[in-house]
Amino acid sequence: MDAAEVQHDGSSPSKKVKSNPNALNSLREHTVVVADTGKINDIQKFQPQDATTNPSLILEAAKLPEYQALIDDAIQKGIKAYQLSKQPVQKQPKRTNSRKKKDEPENQEIVEPELPQFNFNTLNPEEQKSVIGLVTDQLSVNFGLEILKLVPGYVSTEVDARLSYDKQATIDKAKRIISLYEQAGISKDRILVKIASTWEGIQAAKALKKDGISCNMTLIFNYHQALACAQAGVRLISPFVGRILDWFVKNKSGEDYTKQNHPGVKLVTSIWNSFKKFKYDTIVMAASLRLVDEAAELSGCDRMTIPIKLLNDLQGLEGTVLEPKLRVENLEKLNIEKITVDEKTYRWEMNQDAMGTEKLNEGIRKFAQDLETLENVIKQKLTQNNQ
C-alpha cells in the first residue's frame, strides 16, 4: 500500500472501487471518508469510517420526528442528573478494620436516593439554565451513541462554542462529554471532542491529551493555526475548505479560484505537506467540502468529512477514477521552512490574516447561535412537560 494511504490511527481506505467504480469509491482508495451529518439514515447509506456532528447538524436532525425519542431520553437523563446533583452527599461510615466482615454481602446494591417530583417551571433562571445544559450535553451524546452503532471508527462531539476562549471551562465540558459516553459503555478511544481552534482551545486540547482524551480541532483557517495544533500534539484538525473559498469570493472577486487556485485547497495542501514533511502525527481532515473538484484536488488527504449532498454527487460519477494529488513521494522536492508557533506567533499570524480571523470568529458565532436555538427547543419541551 502507498505510504500516503496508511492512516495515523491504523485504519486504511476501503477497497470498494474495483467492484463498484465511481468517484466516491475511488476516493476511498486514498482517503478515509467521514460523514458530515447527524442523520442516522444517511450514515447507514454511505457506511463511512467515522462521523462528525456539531450543533448545527444536531439542530437540523432534532427537528425530525424520527429523532424525538433521542430528545425525550436526553430530557429524562438530564433531569435526573440535575436532581442527583442537588442531593446531599452521603458519607460512608469509616471502618475501624479495613477487612471485610464475614457476614457482609459480596456485592452490595447501590440504592439511589428517591428523587422528588420535578417541575421545570418552578426553577429560577439559573437552575433552568443548568438543566438545559445537562440535557443538551446528553442529547449530543445520544446522537453520538446512535452513530457509533454504525461506524467502526470515531464520532466527533462538539464542546459548547461559547467556551472557545475559556481553557478550563473547555476542559471541564470535554471531560463531562467523555464521562457520559463512558456511562453508556463507550471507551474514550472512540470519541473525538471537537474544540474551536482558538489559542485557549488548543491549550485545552493539549491538557486533555494527558488524560487520554483525543480532540478534533475544528474551524481551521490558517497555516500557523494548524501548526499550533500539531505542535500541541492534538489528534486531528479540520481545515474548512469551502468556507475559505466563500471569503475569497466575497472579498476578492474576479479571480479564478478553480482547482489548484482554490484557496481552501491550497491551504489544506500546504498543511498536509508540512505535517508529513516534519512527521507530525496529527491527522488532517479536510472539512466544509461542497464541490467534486475540491474532493478530487485533495484526494490523498488523511480524511475528508463530506456532507451528504457531495457524497451523493461523488457516488453518481460512475466510472470516474480520482488519482491521489497529495502524495508523500512529492515531499522531497518541496522546500518547507519549519516554524515553531508559540502564543505570540499564533496571535500575530491570526491578526495578520483577515480571512482566518473573520472565519474563525464567524464559525464560533454560528455554532453558538445554533446551540442556543437547540437549547430553546429543549426549554420549550421542558416547559410543556409540566403544563
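Select strands S3 (residues 155–158) and S4: they pair in the parallel sense over 4 bridges. Strands here are DSSP runs of E with at least two residues, helices are runs of H or I with at least four, and both are numbered from the N terminus. Two strands count as paired if DSSP finds at least two bridges between them.

This is a predicted model, in which local features need pLDDT of at least 70 and side-chain atom pairs count only at pLDDT 80 or more, while totals for chains, interfaces and linings use all residues. Residues are numbered from 1 along each chain as its sequence is written, and side-chain values use heavy atoms, with hydrogens and water left out.

**Stop 1: S3 to S4**

Pick Val155. Its bridge partner in S4 is Ile191. S3, H6 and S4 make a right-handed β-α-β unit. Right-handed has a set sense: with the strands pointing away from the viewer, the path from the first strand over the helix to the second runs clockwise. Orient your view that way to check it.

**Stop 2: along S4**

Select residues 191–196, which are S4. Buried or exposed? Here 6 of 6 residues are buried. Buried means under 20% relative accessible area, exposed means over 50%, and partly exposed lies in between (1.4 Å probe, protein chains only). Show the side chains. Ile191, Val193 and Ile195 point one way from the strand. Leu192, Lys194 and Ala196 point the other way. Lys194 is buried too, like the others in both sets.

**Stop 3: S4 to S5**

S4 and S5 run parallel, joined by 5 bridges. Val193 has Cys215 as its bridge partner in S5. To follow the chain, trace from S4 through H7 to S5; this β-α-β crossover is right-handed. Ala196 stands opposite Thr218 in S5. S5 is mostly covered, with 6 of its 7 residues buried.

**Stop 4: Glu200**

Stay with H7 (residues 199–210) and select Glu200, which lies in this helix. Why does Glu200 count as buried? Because its relative accessibility is 18%. Which side chain does the Glu200 side chain meet in a polar contact? That of Arg347, at 3.0 Å. A polar contact is a pair of N or O atoms within 3.5 Å; within protein, one must be able to donate a hydrogen and the other to accept it, and residues adjacent in sequence count only if both atoms are side-chain atoms. Leaving out residues up to four places away in sequence, Glu200 touches Ser164, Tyr165, Asp166, Lys167 and Arg347. Contact means heavy atoms within 4.5 Å.

**Stop 5: S5 to S6**

S5 and S6 pair in the parallel sense over 3 bridges. In S6, Ile237 is the bridge partner of Met217. The link is helix H8 (residues 223–231): the chain crosses from S5 through H8 to S6, again as a right-handed β-α-β crossover.

**Stop 6: the whole chain**

Zoom out. The chain has 14 helices and 8 strands. Of its 387 residues, 52% count as buried. Among contacts with a separation of 6 or more, 69% join residues 24 or more positions apart.

Colour by pLDDT, the predictor's confidence in each residue, from 0 to 100. The mean is 90, and 88% of residues reach 70 or more. Residues 1–10 are below 50, yet this stretch has 34 contacts in the model beyond near neighbours in sequence. Finish at residues 14–18, where pLDDT stays under 50 and the model has 12 contacts beyond four places in sequence.
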